[in-house]
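Visitor: I would like to learn how to read a structure one feature at a time. Can we work through one together?

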Amino acid sequence: MLNAIKPSKKTIFFYLLIPVALFVFTVFVPLVTALVYSFFEWKGGPQKTFTGLANYITLFKDGTFWQSFGHNIYLVIACLIGQVGIAFVLVMMVNSKLVKFKTMHRTFGFFPSTIAAVCIGLIWNMIYHNKYGLINWFLTAIGRKDLCQVWLSNSDLVMLLVSIPLIWQFIGYYMVIILSAVSSIDTEIFESASIDGANGVQTALHITLPLIKNTMLVCMTLCIAGNMKAFDNIYVMTKGGPGTSSMVMAMYGYNVSFGQSNMGYGSCISVAIFVLSLLVIGGSQALVKYITREKEA
């Protein structure tokens, strides 16, 4: 039997050089470029005027931006509960001995996450439509036409309405991640819990959840990161309206950069989105670790 040839450090370096270079070019170069442009007044042409921290001072006083940040936080909370929370419950149900055709459930659960975000926005736009939408049709069919309305023009409900498609789309995505973690748990642990008289809820909360807490933390991080830069679905459905009732940070940055041709301030907003996302992710991880430590103590 031939001994395996161990690659040299130089070979490994050249294999990794291209993907690392591409990663740096596509991630860090735009970030550094945005940081540099954020210190200029720039309308997109060849002329740039250095303004120092003027854009950041304006951003600090910009009520629309902070309203957009609040909407992103709303999405994060709604999707943590709706995406990761429901995904965990569904995994527990699918993993049950009583459920048949497990593979089919997993496939159909994951299917929405493979659809383009623009298509999801268009589908739910039709569901919410005031004339031919499914909701108003159903309300009319049951004799409650008085409840029909232009749903996406209701500023009190619009954030909830745009959250639902996001939740629906990515439940299956987190199901796959959580299911892979649950599948790695020794089945003897569940059998022992069953013999000791633990029911499904007790097994899920006191056995399964602690054993996959690292995977759940990864799911939370992905969920927060994704919803702090939410854009596609909401842009297709409401474009931030009515007014700024569903405006999110990425859309506001897009409108400022390309709608108002204010690239300098748009770059400042992009940097702020990056910093705030890191703070929210770091804060949530610290909070989860603190709660876990307190329970273990």
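Visitor: Which residues does N262 touch, not counting residues up to four places away in sequence?

Guide: Keep in mind that this is a predicted model. N262 touches W42, K43, V256 and S257. V256 and S257 are among the buried residues of α12.

Visitor: Where does N262 lie?

Guide: It lies in the loop between α12 (249-259) and α13 (263-296). In the stretch just after α12, S261 takes a positive phi of about 55 degrees.

Visitor: Is N262 buried or exposed?

Guide: The cut-off for buried is under 20% relative accessible area. N262 has 16% relative accessibility, so it counts as buried.

Visitor: What lies 3.4 Å from a polar atom of the side chain of N262?

Guide: The backbone nitrogen of Y265 does.

Visitor: On to rings. How do I describe an aromatic pair?

Guide: A pair of aromatic rings is described by the distance of the centres and the angle of the planes. The count here comes to 15 aromatic pairs. One of them is F65 with W66. Their centres are 5.1 Å apart, with 80 degrees between the planes, and the pair is edge-to-face.

Visitor: Why is the pair of Y254 and F258 tilted?

Guide: The ring centres are 5.4 Å apart and the planes lie at 50 degrees, so this pair counts as tilted. Edge-to-face would need planes over 60 degrees apart. Y254 and F258 are four residues apart in helix α12, so about one helical turn separates them. Y254 is partly exposed because its relative accessibility is 33%. F258 reaches 55%, so it counts as exposed.

Visitor: What sits over the ring of W42?

Guide: The charged end of K48, 4.9 Å from the ring centre. W42 is also one of the residues that N262 touches.

Visitor: Now the interior. What is the general idea?

Guide: In soluble globular proteins, nonpolar side chains tend to be buried together. In this model, the largest nonpolar core has 55 residues. Those with the most contacts inside it are F65, I178, I212, M228 and I269. Several helices each supply at least two residues of this core, including α3 (63-94), α10 (213-228), α12 and α13. The largest share, 13 residues, comes from α7.

Visitor: What is F65 in contact with, leaving aside its neighbours within four places in sequence?

Guide: F65 is in contact with L59, M249, Y252, I269, A272 and L276. Of these, M249 and Y252 are buried residues of α12. I269 is listed with F65 among the residues with the most contacts inside the core.

Visitor: Last topic, cysteines. How many disulfides does a search of the whole structure find?

Guide: A disulfide is a covalent bond between the sulfur atoms of two cysteines. The search finds zero disulfides. Take C79: the nearest cysteine sulfur, that of C223, is 5.3 Å away. The cut-off for a disulfide is within 2.5 Å.

Visitor: Are C79 and C268 buried or exposed?

Guide: C79 has 0% relative accessibility, so it counts as buried. C268 is also at 0% and therefore counts as buried.

Conventions
Residues are numbered from 1 along each chain as its sequence is written. This is a predicted model: local features need pLDDT of at least 70, side-chain atom pairs count only at pLDDT 80 or more; totals for chains, interfaces and linings use all residues. Side-chain values use heavy atoms; hydrogens and water are left out. Buried means under 20% relative accessible area, exposed over 50%, partly exposed in between (1.4 Å probe, protein chains only). A polar contact is a pair of N or O atoms within 3.5 Å; within protein, one must be able to donate a hydrogen and the other to accept it, and residues adjacent in sequence count only if both atoms are side-chain atoms. Contact means heavy atoms within 4.5 Å. Rings of Phe, Tyr and Trp (its six-membered ring) pair if their centres lie within 6.5 Å; planes under 30 degrees apart count as stacked, over 60 as edge-to-face and the rest as tilted. A charge sits over a ring if NZ of Lys or CZ of Arg is within 6 Å of the ring centre and within 35 degrees of the ring normal. A nonpolar core is a set of buried Ala, Val, Leu, Ile, Met, Phe, Trp, Tyr and Cys residues joined through side-chain atoms within 4.5 Å.
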